[in-house]
Amino acid sequence: MPDHPYRWLVLAGCWLNYFIFGLSITGLAPLVSLIMPQLSISASEMGAVLGAWQFVYIFVAIPLGLVLHRFGPGRMLVVGAVIIAASGFLRAAADSYGALLAAVALFGLGGPILSAGIPQTVGRWFTGPERGLAMGVYITGPAIAGIIAYSATHAVLLPWLGGDWRAVLRLWAWCAVAAAGIWFAIWLGGRRLAGASTSSSTEAGSGPGLAAAREMLSDRRVLLLLVAAIGSFTIEHGLRNWLPEIIRASGRSPEEAGFLAALPVLVSVGSALVFPRLAIPERRALILRSLYALSASGLVLLHAWTPSMLIAGLVLVGLASGATMTVTLLTLIEQEVVGAGRAGLAGGLFFSLAEIGGVGGPVVIGVTRDLTGGFALALWLLAAVACLLIANTFAIFAERRAD
């Protein structure tokens, strides 16, 4: 019911679900320095923990998309939030590397439900220009969660909770429980309003299948864009999970590192609202190259030779991370071989393959940290990835002009 005022309550519920999604992603990062010694975890093992849910995501995103198609996103969002809550409680209870790894991996079953189900829900309740506005609103949820997790963990929550990192993770898990309950109530209200048959149905039909996926994967531009997604997620997830520790390595206290780590997340909110709107087809190549160049420059500056360089680096990586995924996905969906009818499947392929980088980024940083005792090599490697992504855009858009 796109014209009913209830749609704004639905949007609020979607935002809340995406908020707890973001808390689960970023909640561990500020606690790494406390968890590693207590559980006797090396940096390489911690990198594997931080990349565990992305590894699961790679394999379950498309099957869970089919489940969403069968049962509808409304009820499945409740399931996703409950899984995220369970992952949070198990993280808090973990007493070994294996237990923590399994707890984080469990989030990989809940995360895809939210990342696929929320856009479907918003698409049903909003049309026209309002749909773009609604997407811009709910996408701020994870960013705001990141700002809170980074800035409040050491400055507020740990002192309040007696320095107990497990209590912080339990707090985030209870937030997920509350989100599940609130969304359940909103979903029931929507069913009563629209009628059970309308509310629980999906976009009926057989939908695109394996043949369509094979056709898309045979298109060179699609493959190049998926490579860009993998590279972008390598940088994004690597930094998201290790940034507080990278900042601490420059001599900052945990509290300072938390506040500084929130800076690029804050900048990314503005970037997400500005760059995608500028990225019309005629400008898209320039926009993508500019975003990758900002990322490469920011990664180099994160070596923190001076305090001002550190701040500049954080701002630049925030500008890049806020819009790169959206512009890349928009470019993918607008390919002729994709089109509106295959946008859902293309999105599933995008995130499934992109999470290869989501796994690789945290793991590479953890391994290089163990090998070198610092983060300099990891930052240079990520900057090199950004430079390769710039080169990749020339192949993407040269191919387009040749058609």
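Helix α14 (residues 284–301) packs against helix α15 (residues 307–333) at an angle of about 150 degrees, and their axes lie 7 Å apart. Helices here are DSSP runs (H or I, at least four residues), numbered from the N terminus. Axes are lines fitted to C-alpha atoms over the stretch in contact, and angles run from 0 to 180 degrees between N-to-C directions. Angles over 145 degrees count as roughly antiparallel. The two helices, α14 and α15, are therefore roughly antiparallel to each other. The crossing of α14 past α15 is left-handed (the near helix is turned anticlockwise from the far one by less than a right angle). By class, the contact of α14 with α15 has 17 nonpolar, seven polar and one charged residues. Ala, Val, Leu, Ile, Met, Phe, Trp, Tyr, Cys and Pro count as nonpolar, Asp, Glu, Lys and Arg as charged, and the others, Gly among them, as polar.

The model is predicted; local features need pLDDT of at least 70, side-chain atom pairs count only at pLDDT 80 or more, and totals for chains, interfaces and linings use all residues. Residues are numbered from 1 along each chain as its sequence is written, and side-chain values use heavy atoms, with hydrogens and water left out.

Two cavities of 30 Å³ or more were counted. A cavity is a set of points, on a 1 Å grid over the protein atoms alone, where a 1.4 Å probe fits but cannot get out; lining residues have an atom within 4 Å of a point. Points are joined across faces, edges and corners, and a volume is the space filled by probe spheres set on them.

The largest cavity has a volume of about 90 Å³. Its lining includes Ile20, Leu23, Trp172 and Arg91. Helices α1 (6–26), α5 (73–93) and α9 (165–194) each supply at least two residues of this lining. By class, the lining has eight nonpolar, three polar and one charged residues.

The second largest cavity has a volume of about 40 Å³. Among the residues that line it are Val49, Leu50, Trp53 and Asn241. Two or more lining residues come from each of α1 and α3 (43–50). This lining has six nonpolar, two polar and one charged residues.

Ser40 sits in the loop between α2 (32–39) and α3. Its phi is positive, about 55 degrees, although Ser40 is not a glycine.

How values were computed
On a 1 Å grid over the protein atoms alone, a cavity is a set of points where a 1.4 Å probe fits but cannot get out, and a pocket is an open set with protein on both sides within 12 Å along at least five of seven lines; lining residues have an atom within 4 Å of a point. Angles under 35 degrees count as roughly parallel, over 145 as roughly antiparallel, 65 to 115 as roughly perpendicular and the rest as oblique.
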